[in-house]
Every structure is written in structure tokens, then in C-alpha cells.
Amino acid sequence: MPAIGENLRINSERLWGSLMEMAEIGPGVAGGNNRQTLTDEDSEGRHLFQKWCEAAGCTMGLDQMGNMFATRAGTDPDALPVYVGSHLDTQPTGGKYDGVLGVLSGLELLRTLNDLDIKTRHPIVVTNWTNEEGTRYAPAMLSSGVFAGLHTQDWAYARTDAEGKTFGDELQRIGWRGEEEVGQRKMHAFFELHIEQGPILEAEGKEIGVVTHGQGLSWTQITITGKDAHTGSTPMPMRKNAGLAMARVLEKVDEIALSHVPHAVGAAGHIDVYPNSRNVIPGKVVFTVDLRSPDLDVITDMETRLRTEAQAIVDAMGLEIEFEKVGGFDPVTFDEGCVSAVRTAAERLGYSHMNLISGAGHDACWINRVAPTAMIMCPCVDGLSHNEAEEISPEWAAAGTDVLLHAVLETAEVVS
């Protein structure tokens with residue numbers, strides 16, 4: 001295989017221009033994006049991506065979950081493709097880079113190969129996975145989960161949004177339901193570039209995160225039932241305050257996560273309080289505790305301690321409690337060969353880098369089950385993501401895409 005020179009880089013201005021043009025579709029109210037999955041805005045973004053890919057000489061495949069596959073042919077018709085990609089859908093108040101960078105960096109990779117007339121033995125495929133965010137249709141990483149065999153297609157099609165519209169109907173409505181069977185594609189490898197969505201790279205002054213693992217996740221929905229009562233006329237000893245019990249449980253969640261530093265985390269992001277009136281003691285609370293760690297034994301320990309200590313709190317207060325595990329996945333160890341290709345690329349290009357554990361879920365976490373997989377991360381300002389103020393620099397985007405380019409070329413085998 002011909003040597004890959006360290007001077008081989010992508011066109012940074014073209015990549016940044018593509019990111020900014022895509023950001024014009026589904027603009028948010030505060031400078032970011034609202035391009036939720038299976039909306040008209042999602043469809044418009046898909047059309048733009050397809051136009052760009054076809055202009056780059058790619059053929060576009062589309063499966064029954066709406067996953068898009070732009071293929072640049074290799075010289076060996078029998079060689080399995082090297083896949084790259086992420087997602088174009090956003091949070092309701094999302095940024096311009098979460099997911100989108102991973103898709104458009106793949107497009108830029110193909111454009112660069114065309115510019116330089118570089119051929120590879122393995123085909124290269126750029127993928128847009130449907131509904132990674134999971135904000136309109138739960139769970140997150142839905143379509144890559146169907147691709148990897150974690151969910152059935154019928155189950156995914158039956159997911160409903162807040163208005164009762166099903167995933168299957170909306171996919172058909174916007175015109176992006178393909179005929180290709182989901183999961184039939186075989187991969188030589190898969191690479192995903194993503195913004196870190198955390199503060200570590202920026203704090204450490206590193207340009208590249210070499211992602212070795214993905215944290216496992218456990219979501220436990222807790223319902224605590226007490227008794228609604230007047231806040232002014234109910235004596236303190238006679239109250240059955242579900243809100244107070246929740247506060248004590250959440251303090252325990254913090255304590256449990258801190259006992260497993262540095263990598264374990266825990267919090268409650270979803271909280272409903274009933275009746276949620278200023279002068280009524282909460283008689284019921286429903287909240288979801290999110291526990292994460294790259295170590296499955298740690299997750300199991302945190303789950304067990306959560307249930308034991310929460311039960312003890314409500315028993316002492318004379319309240320009732322129910323636990324329901326509503327989501328989760330095991331920790332991920334990415335492929336050693338693919339991780340090595342990322343690290344080697346960063347070193348060849350002279351970019352500062354460090355190993356990272358991904359704190360968020362990504363499509364790569366599911367694809368890792370069916371193909372050798374690795375992730376690359378670039379910094380984001382203050383670690384902020386899932387927020388319209390999410391920001392990266394053109395230099396960070398270019399560095400991550402340069403590393404993606406070199407890792408993919410090493411894996412796809414340059415022939416000329």
C-alpha cells in the first residue's frame with residue numbers, strides 16, 4: 001500500500017462552509033438548530049446532503065429506517081466497505097455540530113480523495129443514521145439500534161412522539177423510507193467523528209480525543225408517593241412530602257457516583273412534581289436517575305445502592321416508592337485495531353491527543369456490536385452541547401477530519 005503522507009489534509013474552508021450551509025436548515029431561536037428527526041427540516045437537510053454526495057460521484061442507498069449510505073466505489077468489488085458517519089438530526093435547542101460534523105466530515109473526506117484522485121481498495125461509505133438524538137422518538141440511537149439488531153423494525157416504527165405520530169408514518173410522510181432491508185450491509189470497519197460534548201480536551205489543551213471506551217448507562221424511573229396537603233396548615237411532623245424524599249434520594253445519587261470517581265456519574269434530568277402548585281406539599285414525584293460508568297460492575301453497584309438507599313429513605317418517612325428500569329446499555333470497548341488507526345493518524349499529523357471515554361451514547365456504540373469500530377473526538381468550547389450556544393473552531397473541525405481521513409485511508413487501503 002502506498003505511504004500516506006503527513007501533508008495530506010482536507011479542505012478546511014470547504015468543510016466549514018458545508019457546516020454553515022447545513023446550519024441554515026432548521027435554525028434555532030438562539031443561533032443553533034432545531035432540526036428534529038423526521039420533520040420537514042430533517043427532510044430538507046437530507047436532500048442537501050444527498051445533493052452534495054451525488055455531486056461528489058457517490059451513489060446513495062436508503063434503508064427502511066431512513067438510514068442514508070453514500071458510497072464511493074473501491075477498486076476491489078469484493079472488499080467490504082469502510083463506513084464513516086453520524087447523524088443530521090438535532091435536539092430542539094441543539095447546536096450546529098453535534099452529529100452534523102461526523103456526517104459532513106465524511107463528505108469532506110470523499111471530496112478530498114476526489115481532488116487528489118486517490119483510490120482505495122475498499123469502498124468508503126458515508127452514513128446519516130436516523131434519529132440518533134431520541135428527543136422526538138425515544139430511545140436515542142434508534143435506527144442504528146435496529147441496524148445492529150437491538151430493536152425490531154416494527155417496534156421502532158410504532159414509537160410515538162408527543163403528538164401521537166408514529167415513527168413509521170412520519171418516515172413515510174417525509175419521503176425517506178427506503179426499500180433496503182435494515183442491517184443487511186456488512187462493514188469492514190466504522191469510524192465516527194464527534195464533538196466531545198464535555199470539557200476534558202479543551203481543559204487539557206488537546207486537539208484530538210482517541211476514544212477507547214463508551215460509558216454504559218442505566219436509567220431508573222422512580223415514583224415516590226406521599227400525600228398532597230396544604231403547605232401552610234399542615235404541621236411539619238404530619239407531612240408526607242414526596243418532594244423532600246426525592247431531594248434526599250438525589251443527594252444519595254450524588255454520593256453514590258462520587259464514590260466511584262473519576263469516571264462514574266449520576267444525576268436526575270427528568271423530574272415531574274405533582275400537583276406542582278405553590279401552596280401544596282408534593283404528594284407524588286416521578287424522576288429518572290441517570291447513572292453511567294465504563295465499568296459494568298460499577299453500574300451494577302450503583303443501581304443496587306440506589307434502590308437500597310432510596311427504599312430506606314422513603315420507609316423512614318412513611319412513603320411509598322416504585323422503581324422501573326426504563327433504559328440502559330452496557331459499556332463499550334472499541335476495536336483495538338481501529339483505535340490504533342486513529343491514534344497513529346493523530347501522531348502522523350502531529351496533533352496533540354489523549355485517550356478518552358465517551359460519556360454520551362453514539363451510533364458507534366451500537367455499530368461496535370456488528371463491526372470493528374472507533375470514535376474520534378474534537379473539543380467543544382466549555383464542553384457545552386445539546387445547547388444552541390454549542391461551539392467549536394474551524395481548526396478543531398479540520399484536525400478531527402484530518403485524523404478521520406488518515407485513519408480511514410489506512411483501513412480502506414490506498415492503491416494509488
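Pro 275 is placed in the loop between strand S9 (265-274) and strand S10 (280-281), where helices (H or I, at least four residues) and strands (E, at least two) are DSSP runs numbered from the N terminus. The peptide bond leading from Tyr 274 into Pro 275 is cis, with omega near 0 degrees. The model is a predicted one, in which local features need pLDDT of at least 70 and side-chain atom pairs count only at pLDDT 80 or more, while totals for chains, interfaces and linings use all residues. Residues are numbered from 1 along each chain as its sequence is written, and side-chain values use heavy atoms, with hydrogens and water left out.

A cis peptide bond also joins Ala 138 and Pro 139, with omega of about 5 degrees. Pro 139 lies in the loop between strand S4 (124-128) and helix H4 (142-147). Asp 117, in the loop between H3 and S4, has a positive phi of about 55 degrees. Gln 197 has a positive phi of about 65 degrees and is found in the loop between strand S5 (189-195) and helix H7 (200-204). Most residues other than glycine have a negative phi, and most peptide bonds are trans.

The chain is assigned to domain 1 (12-214 + 331-415) and domain 2 (216-329), with bounds that come from an automatic or database domain assignment. The centres of the two domains, taken over C-alpha atoms, are separated by 35 Å. Eight residues from domain 1 and nine residues from domain 2 take part in the contact, contact meaning heavy atoms within 4.5 Å. Between the domains about 660 Å² is buried, and carbon and sulfur atoms give 75% of this area; buried area is the accessible area (1.4 Å probe) that two parts lose on being put together, summed over both. Pro 331, Ile 357 and Trp 366 supply 61% of the area that domain 1 buries against domain 2, more than any other three residues.

Helix packing was examined next. Helix H8 (residues 242-258) and helix H9 (residues 296-317) pack at an angle of about 150 degrees with their axes 10 Å apart; axes are lines fitted to C-alpha atoms, for helices over the stretch in contact, and angles run from 0 to 180 degrees between N-to-C directions. H8 and H9 are therefore roughly antiparallel to each other, since angles under 35 degrees count as roughly parallel, over 145 as roughly antiparallel, 65 to 115 as roughly perpendicular and the rest as oblique. The residues of their contact divide into twelve nonpolar, no polar and five charged; Ala, Val, Leu, Ile, Met, Phe, Trp, Tyr, Cys and Pro count as nonpolar, Asp, Glu, Lys and Arg as charged, and the others, Gly among them, as polar.

Helix H3 (residues 100-116) comes within 10 Å of helix H12 (residues 394-412), axis to axis, and the two cross at roughly 60 degrees. H3 and H12 are therefore oblique to each other. Their contact comprises eight nonpolar, four polar and one charged residue.

Helix H2 (residues 40-55) packs with H3 at an angle of about 15 degrees, the axes being 10 Å apart. That makes H2 roughly parallel to H3. Phe 49, Trp 52 and Cys 53 of H2 meet Val 103, Leu 104, Leu 107 and Arg 111 of H3, a set of six nonpolar, no polar and one charged.
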